[in-house]
There are 2 protein chains.
Amino acid sequence: MRIVQKYGGTSVGSIERIEAVADRVAKACNAGHQCVVVVSAMGHTTDELVRLARAIDSVPDSREMDALLSTGEQVSAALLAMALQKRGLSGRSFTGWQAGIVTEQVHGSARIEDVKTEALRSSLAAGEVPVVTGFQGISGETVTTLGRGGSDTTAVAVAAALHADLCEIYTDVDGVYTTDPRVVAGARKLERISYDEMLEMANLGAQVLHPRAVENAKLFEVSLVVRSSFSDEEGTLVVESAGYEQHRVVTGIAFEREVARIAVLGIPREQHGLAKVFGYLAERGVNVDVIVQSLVQAETVDVSFTVKEEDTARTLRVLDELRSQLSYQEIVAEQGLAKVSIVGAGMISNPGVAARMFSVLAEGEISIKMVSTSEIKVSCIVDSQELDRAVQQLHEAFLAEAPEKGVTSKEVSVTHSYL
Amino acid sequence: MRIVQKYGGTSVGSIERIEAVADRVAKACNAGHQCVVVVSAMGHTTDELVRLARAIDSVPDSREMDALLSTGEQVSAALLAMALQKRGLSGRSFTGWQAGIVTEQVHGSARIEDVKTEALRSSLAAGEVPVVTGFQGISGETVTTLGRGGSDTTAVAVAAALHADLCEIYTDVDGVYTTDPRVVAGARKLERISYDEMLEMANLGAQVLHPRAVENAKLFEVSLVVRSSFSDEEGTLVVESAGYEQHRVVTGIAFEREVARIAVLGIPREQHGLAKVFGYLAERGVNVDVIVQSLVQAETVDVSFTVKEEDTARTLRVLDELRSQLSYQEIVAEQGLAKVSIVGAGMISNPGVAARMFSVLAEGEISIKMVSTSEIKVSCIVDSQELDRAVQQLHEAFLAEAPEKGVTSKEVSVTHSYL
């Protein structure tokens, strides 16, 4: 089996950790698998490099920032290659450009355009274990970085390009949970989750796997496993939803703290107000999350949306600038909010799930400020102080049933056969 | 004027130092010069990376070691480029491969084969200030490093390839001295020195400029200046000896501590003994310095040579192995020695300099164990305990005259005109 294993910053945070990772890679190789490893920078290396750059310039040049940050993964890749060699494996480090990770010409958040696999394929053919730097690529002769979640994205792209059978994402948690165990003691680890569910979970704040990586995994049909590099626990398999557990209506409860709600009131209908508001915010780099358009008055429109609480002041400034182009009546901002969401592919065929969520929250006397739904999730904006209680009550209502019925899919057994 | 400036590890050892270097580069650029900067890794970065690698493997793979070590200069180059940008200059970092530094396929001590200057030339043409990582290059798609003195070598190679008017080597001393000021209080800074003299001084232990860089500078006729990045002192100009100061017989006194002498006695003449001894030592990686063949007996030859004291045991082991191939009679080793040398291009036309050296040492009752001469230097092996006194007395005898006569060459004035 061809496996791409990706190890995050905590997993390679020290020499001891790198040795442990090398042991794990060796185990897979010795079990007859062909392995490609993708690594992040060691622990806080990236933060430290950012600190150095900021000491010179509060807004350092993005090209130089990428040149600087890309060194972090080069260090961990070279060290891991050495540790593999010590174990008798032909470890060989590859930088982004050496591995043929071609990106668009954007710095700090480049998207991968192509993986030119010649170098990796010859390395594998020569019996080597390629160790690829995550998070970075090349555009022309310029080094680029992929931004947050970049190493996950690299791993999935490499797995897709090499037609790997499996892409294992090693991190410091042992899988994807029904919700955050710090909030709900009874949170359970999921054996499997669909790409779409994972995407909603990831976007909604479950910081296990970056949404970009999940999107690409879905697009290229890469089977993902999220698991811990600190234990031999089986992880969570992320695969295409294949109708295998429609019985499970809700898969998980995701949430996000520190949300602010902004309402723009009295936008004239004839001025393409909504397009102007959100177009202008996007141009100015303000990330908007939930959008709700309230009741339409005769001549004007009201719209509410959420942003991260820390972006509130900036959002208000941007909207103020917009005033010269759009004669809205008023802005209202509310901080101290949070978002709680139930996620599950099973919702599609189970009407009434949203209603049940509202009633669970109502029973808990938790008032709902905004609602947003998609095919596989329902999100409610609530008071921040009531968030934990909301998560607990929803978990109790939707997920505290008997443990998942035994799922014995082929993939799962294959995945763990060598451990 | 086109200038290549090279800054060593101490010169870019902290953010403050990088800012100071940026100021200096900006000064040169603002004076109308076209600048290319070559940087070493920050302070002890390289040592720290070596420590990490050694923690994994005492003899790490050399390819991976190069991949690892090359990150050090990438960090300092990116940070310096940012600092230049803050000063309104278009600083742009180049790794070894981006700058087209092509080396042979050797790790840890690769020699530069070519500098493909397209990228640097377009960068200069675009009005940018290229900041090139020293110490590293590329062979095929593999990153290589140049070994000790590598950044000096990079700077000279880049200066030669770009036909720069001057190559400035910034370090933590303000020039080349007649001898080590820690040993002789009256040591004077030289305004200029010839390549050959510098080479003898460098090889003999004056650690200002690496011999490889000097050799290349001589070969490609690159004018070098050695100066301090910590002051505005004029440095020392290293140029082709142009008969400009034949009046100065001795330019400097170099020395080296911790030398051991090994004598191989009774080597049969008919067995090509000398070739076998030194061929075998070279194959085993033992660096031999001074070689002296003693009086030839009827049927056998005696030879003495010096090695670094720390290499004594290894040298004896290698010679012992050789015994099966060469029936010498005896090995004698003596430790606790040192080498002192007088260096000067003026010796060529001044016979009797060696004799004067011997008489100065004899007057000081310093016994000479071995002598070796070249056209522009005389080296004596003495007792380590007598080294400082030997250096002081030789300096007094050869160099304590009136300060150098005013040298007002065109190069010197051009060199410092923008400071």
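User: In this predicted model, at what angle do the axes of helix H1 (residues 15-30) of chain B and H3(B) cross?

Analyst: In this predicted model, the axes of H1(B) and H3(B) come within 9 Å of each other. The axes cross at roughly 55°.

User: Which residues of H3(B) make the contact with H1(B), and how many residues of that contact are charged?

Analyst: On the side of H1(B), the contact is made by B:Ile18, B:Glu19, B:Val21, B:Ala22, B:Val25 and B:Ala26, and H3(B) contributes B:Leu79, B:Leu80, B:Ala83 and B:Leu84. By class, nine residues of this contact are nonpolar and none is polar, which leaves the charged class with one residue.

User: How are H2(B) and H3(B) oriented to each other, roughly parallel or roughly antiparallel?

Analyst: Helix H2 (residues 45-56) of chain B and helix H3 (residues 62-86) of chain B have their axes 9 Å apart and pack at an angle of about 155°, and their crossing is right-handed. Because angles over 145 degrees count as roughly antiparallel, H2(B) and H3(B) are described as roughly antiparallel.

User: Which residues of H2(B) make the contact with H3(B)?

Analyst: By class, the contact of H2(B) with H3(B) has six nonpolar, three polar and no charged residues. From H3(B) the contact draws on B:Met65, B:Leu68, B:Leu69, B:Gly72 and B:Val75, and from H2(B) on B:Thr45, B:Thr46, B:Leu49 and B:Ala53.

User: Which element gives the largest share of the side of chain A that touches chain B?

Analyst: The contact between the chains takes 27 residues from chain A and 27 residues from chain B. On the side of chain A, the elements that give two or more residues are helix H1 (15-30), helix H2 (45-56) and helix H3 (62-86), and the residues of that side divide into 17 nonpolar, five polar and five charged. The largest share, 13 residues, comes from H3(A).

User: How are the two copies related, and which residue of chain A has the C-alpha nearest the axis?

Analyst: Chain A can be laid on chain B with an RMSD of 0.2 Å by a turn of 179° and a shift of 0.0 Å along the axis, and the copies are thus related as by a two-fold rotation axis. Because 100% of the interface residues of chain A are also interface residues in chain B, the copies meet through the same surface. In chain A, the C-alpha nearest the axis lies 2.8 Å from it and belongs to A:Thr71.

User: How many residues of the contact of H5(A) with H7(A) are charged?

Analyst: The axes of helix H5 (residues 150-161) of chain A and helix H7 (residues 211-219) of chain A come within 8 Å and cross at roughly 15°, so these helices are roughly parallel to each other, and their crossing is left-handed. The contact is made by A:Asp152, A:Thr153, A:Val156, A:Ala157 and A:Ala160 of H5(A) together with A:Arg212, A:Ala213, A:Asn216 and A:Ala217 of H7(A). By class, five of the contact residues are nonpolar, two are polar, and the number that are charged is two.

User: What is the radius of gyration of chain A?

Analyst: Chain A has twelve helices and 18 strands, and its C-alpha trace spans about 75 × 55 × 30 Å along its principal axes. The globule rule gives 22 Å for 419 residues, and the value for chain A is close to this, so the chain is as compact as a globular protein of that length. The radius of gyration of chain A is 23 Å.

Notes: Residues numbered from 1 in each chain as written. Chains lettered and ligands numbered in written order. Predicted model: local features only at pLDDT ≥ 70, side-chain atom pairs only at ≥ 80, totals over all residues. Axes fitted to C-alpha atoms, helices over the stretch in contact; angles between N-to-C directions. Helix = DSSP H or I, 4+ residues; strand = E, 2+ residues; numbered from the N terminus. Parallel < 35°, antiparallel > 145°, perpendicular 65-115°, else oblique. Left-handed = near helix turned anticlockwise from the far one by under 90°. Contact = placed C-beta atoms within 7 Å. Least-squares fit on C-alpha atoms with pLDDT ≥ 70 in both. Rg over C-alpha atoms; globule rule 2.2 N^0.38 Å.
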